[in-house]
Amino acid sequence: MVHLASIPTNKDIGKPLVEGMEKLKVAEQSDQDQFTTSVYGSRFASEDLPKHEMPETEMPKEVAYRMIKDDLSLDGNPMLNLASFVTTYMEKEVEDLMTESFSKNFIDYEEYPQSADIQNRCVSMIGRLFNAPLDGDMAPVGTSTVGSSEAIMLAVLAMKKKWKNARQAAGKPTDRPNIVMSSAVQVCWEKAARYFEVEEKYVYCTENRYVIDPEETVSLVDENTIGICVILGTTYTGQYEDAKAVNDLLIKKNIDTVIHIDAASGGFVAPFVVPELEWDFRLEKVVSINVSGHKYGLVYPGVGWVVWRAPEYLPKELVFNINYLGADQSSFTLNFSKGASQVIGQYYQLIRLGKHGYRAIMGNLTRTADYLAESLEQLGFVLMSEKNGKGLPLVAFRIDPKSNKHYDEFAIAHQLRQRSWVVPAYTMAPHTNDLKMLRVVVREDFSKSRCDQLLDDIKLCQGVLDKMDKDEIKKHNDFIRLNQSHSGRRQNVHPHYRNEKHSLQGKTGKTHAAC
Ligand SMILES: *Cc1c(COP(=O)(O)O)cnc(C)c1O
């Protein structure tokens, strides 16, 4: 055993270098078994972190912690990531609650009946928030999920099964189910359709309409349609699609199909900001709704919800009953084991904030978004999102084509990235003439003063770009594209799939960092 003392110390300074190096070697060897210096004095600090093969031997826990933490420090700062809807702030108290629940497996209803009950309380509160009819046995049913993607998969399966059962009962073929939706859908809808073999029927956006056209939507419905997806807050512009118009047209034309609302982002915004807007179970054709708890539900990533208007819309064949403590607990999920923390975090937010708390937060976010939108208009940008709570609290904008700038939205995004802001530039949904835009999602931790800092930096970037000539900007952008080492997303794509283009979004060009 060789201790710290054998590592060259100040005393060794001035001694012949060779002697110092000899000592260092001894120290290095001994370090393999013994770790007593600071993390940065250990041999691990002078080696690469293992990347391909699992190492043969252990490393001290302090070293593992520090090395991985340092590695992660090259990730962006979540607070400055204005690309994402996903929650980056929770109170200390709920962080404690969630940490204390890390070791609980949510699916183990028998062992953790309280956690299971907490999920049911959340489903009940969310169902009521969405105005589900509450008559006796017909009370809404629902489940927690890992996010809206899983929730949407489940809703699609339920619609498909219900459609299939009805078709089979009528002796009609069931081999060609389809679903009608906007071309601005989030990628999980494409996944759901392809994983579960449902034909996608798109209502395309146009150069000046970024939501579905209700008439066109309804006209695409046929006997093989399992349902229509209506988005409450599209990912691109945050606009609310007109669920009421679709609902009313279906009734007027006596068309027998159902609506699912993708309220991933809007489900916790609209009820507080525009309570009079009818988009939820108040509309009789709406049978299921999903919402991301980890977006405006204000919980860290890993929780979503899906609620059905009544049990009849969630066919029995899809539900698995697990008996715990004499009571049946039903399960309808794509996975089994998962942590209980996220569901507990959601329950905390619902009861800690209450409707008043959510209203105050969503009101502030809407005002901040309006302020940002107006300030950007003053800087000469064209606004593509709504104001006054008519859409999500986000600001989508683009350079005024009339201003004849020699740079595009991607150049602004690159400039802002250098000031640590992640503001994505992306190309709109197909059939919009490759419209480019930038988008800032206003989240809970994006205060008015942070908004002012962002505006200052946007002005600065405009100034810098105005001074650079076209060639310089191109060279600069090319350089960043080629050398994006830690933010280079392509690095994370296996070469076999690198040229995959089957996604709708992928086809239109770059949609970077918009989730
Ligand atoms: C974010 C989002 C999704 C996917 O939700 P996750 O919770 O990330 O799985 C689906 N639809 C819309 C409209 C979204 O904004």
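This is a predicted model: local features need pLDDT of at least 70, side-chain atom pairs count only at pLDDT 80 or more; totals for chains, interfaces and linings use all residues.
Local features need pLDDT of at least 70, and side-chain atom pairs count only at pLDDT 80 or more, while totals for chains, interfaces and linings use all residues. Residues are numbered from 1 along each chain as its sequence is written, and side-chain values use heavy atoms, with hydrogens and water left out.

Helices (H or I, at least four residues) and strands (E, at least two) are DSSP runs, numbered from the N terminus.

Now look at the polar contacts. Such a contact is a pair of N or O atoms within 3.5 Å; within protein, one must be able to donate a hydrogen and the other to accept it, and residues adjacent in sequence count only if both atoms are side-chain atoms.

Turn to the aromatic rings. A pair of rings is described by the distance of the centres and the angle of the planes. Rings of Phe, Tyr and Trp (its six-membered ring) pair if their centres lie within 6.5 Å; planes under 30 degrees apart are stacked, over 60 edge-to-face, and the rest tilted. The whole structure has eight such pairs. In one of them, Phe85 and Tyr296 have ring centres 6.2 Å apart and planes at 75°, so the pair is edge-to-face. Phe85 sits in the loop between α2 (61-72) and α3 (92-100), and Tyr296 in the loop between β6 (286-292) and β7 (304-308), so the pair ties together parts that are 211 residues apart in sequence. Both Phe85 and Tyr296 are buried. Buried means under 20% relative accessible area, exposed over 50%, and partly exposed in between (1.4 Å probe, protein chains only).

Phe381 and Phe397 are also edge-to-face, at 5.1 Å centre to centre and 80° between the planes. This pair links strand β10 (residues 381-383), which holds Phe381, to strand β11 (residues 394-399), which holds Phe397; the two residues are 16 apart. Both Phe381 and Phe397 are buried. Elsewhere, Phe268, Phe272 and Tyr358 form one aromatic cluster.

Some rings carry a charge over the face. The test is that NZ of Lys or CZ of Arg is within 6 Å of the ring centre and within 35 degrees of the ring normal. Arg43 lies over Phe44, 4.4 Å from the ring centre. Lys338 places its charged end over the ring of Phe106, 5.2 Å from the centre.

Next, single residues. Ser101 is in the loop between α3 and α4 (113-129). Ser101 is buried, at 5% relative accessible area. Its side chain reaches the backbone oxygen of Leu97 at 2.8 Å. Gln349 belongs to helix α10 (residues 341-378) and is buried, at 5% relative accessibility. From Gln349 to Glu91 is 9.3 Å, C-alpha to C-alpha, across 258 residues of sequence. Glu312, in the loop between β7 and β8 (320-324), is partly exposed at 43%. Its C-alpha is 8.7 Å from that of Lys162, 150 residues away along the chain.

Finish with the backbone. Most residues other than glycine have a negative phi. Glu197 has a positive phi of about 55°. Glu197 lies in the loop between α6 (187-195) and β3 (199-203) and is exposed, at 65% relative accessibility. Ser420 has a positive phi too, of about 75°. Ser420 is in the loop between α11 (409-418) and β12 (425-427), and is partly exposed at 38%.
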